[in-house]
Amino acid sequence: MPIRSVSAALALALLPLSVAAPAAATAKRDLQRDVDAVVAAGASATIAEYTDRSGTRRAAAGVARLGRPAPAPVDGRFRIGSVSKTFLATVVLQLEAEGRLSLDDTVERWLPGTVPNGDHITLRQLLNHTSGIENYTAAMGLSPEKWLPQRYRSWAPAELVALATAKPPLFPPGTDWSYSNTNYVLLGMVVGEATGRDYSAEIQRRIIRPLGLRHTESPGERTVISGPHAHGYLPAGPAGSDEPVDVTTMNPSIADAAGDMISSTADLNTFFRALVTGRLLPPAQLAAMTTTVPGHDYGLGLEATTLPCGITVYGHGGGIFGYVTGTFTTRDGSRRLALSVNPYVGDPDDALQALVNHAFCGRDAVPDRE
């Protein structure tokens, strides 16, 4: 479930050079400086991990909880929102490689009667957001004020889909592009039909366990984040004030397969390296995943972004109330950046973009904005 205005600013990559020890120390200081700048621009906490051939650098800024002195944990866990889509897309593509489904299968083939015109919408169109199905979060009108009173409500996937399909299609399937969380709720349902197991169990079995991602999970309806973590906030106090409301605990079923997962920067960097280097998918499926829709930066559950210095990076942005996540890796997997931001007041977009550009392009190649 993306916060598109912020996660769009998290647009991927890294500098292709070998770094000696003094340069690595400078790069660590620079990462800390950039993370500090994100907090200064309007976040209660930010954590980041950047890895290249010289090693791993980590930085944290802000506090774990407003009004208390404990710093944000650099190894903390956080809600990753729509980065969950890349995990689910990987499972769908694994099932295709195993011959258990085809991307040319229709939604009607797997979920009869669930989506109007489902016999003309393919699984590929769900994966790359060319289905034309309305985004259920848009259909909800999901403002903070509307969400807060129902933050602990349990949502069934069919309920979320029904909210979207009650609206007319945005366009005929395959004729345009529009980001829709509904597509991935449907894909989660398809995985269940194809395997006989919940999508979260398949992500656990096929990705989390083999890669040893100890801090990654699909929590179902569990409301808490276990282990060290920074709290998330909304400036949604009474009478429209900016007073912070702690939204760390919530029922993530509202995001379902489109964005319910929890992870850490280290686990996300491990996952995306394994993905782009072919550990999780055969070459044909990986090539399909990294092939973007013409005129857009979206493949099959994966975003591609070309930075100002010409480097293209792959990953996915994500947001859910209180948390924004960015993931970025070069095509060979040698350079990786993962970060979590707890936005609160202000606008950290420019600081986030500077962090990514500096990490992958260097400070001289991409000067700070005035």
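Which residues point one way from β10, and which the other way? Y323, T325, T327 and T329 point one way, V324, G326, F328 and T330 point the other way, and all are buried. Buried means under 20% relative accessible area, exposed means over 50%, and partly exposed lies in between (1.4 Å probe, protein chains only). In a regular strand the side chains alternate between the two faces of the sheet.

The structure is a predicted model, in which local features need pLDDT of at least 70 and side-chain atom pairs count only at pLDDT 80 or more, while totals for chains, interfaces and linings use all residues. Residues are numbered from 1 along each chain as its sequence is written, and side-chain values use heavy atoms, with hydrogens and water left out.

Strand β10 spans residues 323-330. Eight of its eight residues are buried, so the strand is mostly covered. Helices (H or I, at least four residues) and strands (E, at least two) are DSSP runs, numbered from the N terminus. Two strands pair if DSSP finds at least two bridges between them. Strand β8 (residues 312-315) runs antiparallel to β10, and two bridges join them. Here Y314 has T329 of β10 as its bridge partner. Strand β9 (residues 317-320) is also antiparallel to β10, with four bridges. I320 is paired with Y323 of β10. β9 and β10 form a hairpin with two residues between them. In that turn, G322 has a positive phi of about 95°. Six bridges join β10 to strand β11 (residues 336-343), again in an antiparallel arrangement. G326 has L339 of β11 as its bridge partner. The hairpin of β10 and β11 has five residues between the strands, and G333 takes a positive phi near 75° there.

Attention now turns to charged residues. Side chains of opposite charge can pair when their charged atoms come close. A salt bridge is a side-chain nitrogen of Lys or Arg within 4 Å of a carboxyl oxygen of Asp or Glu. The whole structure holds 12 salt bridges. In one of them, the side chains of E217 and R77 meet at 3.0 Å, N to O. E217 lies in the loop between α10 (199-211) and β4 (233-235), and R77 lies in strand β3 (residues 77-79), so the pair ties together parts that are 140 residues apart in sequence. Both E217 and R77 are buried.

E98 takes part in another set of pairs. R100 forms a salt bridge with E98, with the closest N and O atoms 3.6 Å apart. R100 is partly exposed, at a relative accessible area of 32%. E98 is partly exposed as well, at 42%. E98 also meets R206 in a salt bridge (2.7 Å, N to O). E98 lies in the loop between α3 (84-97) and α4 (107-110) and R206 in helix α10, so this pair ties together parts that are 108 residues apart in sequence. R206 is buried, with a relative accessible area of 10%. Salt bridges that share partners join E98, R100, R197, E202, R205 and R206 into one network.

R151 presents another case. R151 sits in the loop between α7 (144-147) and α8 (157-165). R151 is buried yet has no salt bridge. The nearest side chain of opposite charge, D246, is 5.2 Å away. Lys and Arg count as positive and Asp and Glu as negative, while His and the chain ends are not counted. The backbone oxygen of D246, however, lies 3.0 Å from a polar atom of the R151 side chain.

How values were computed
Polar contact = N/O pair within 3.5 Å; in protein donor to acceptor, adjacent residues only side chain to side chain.
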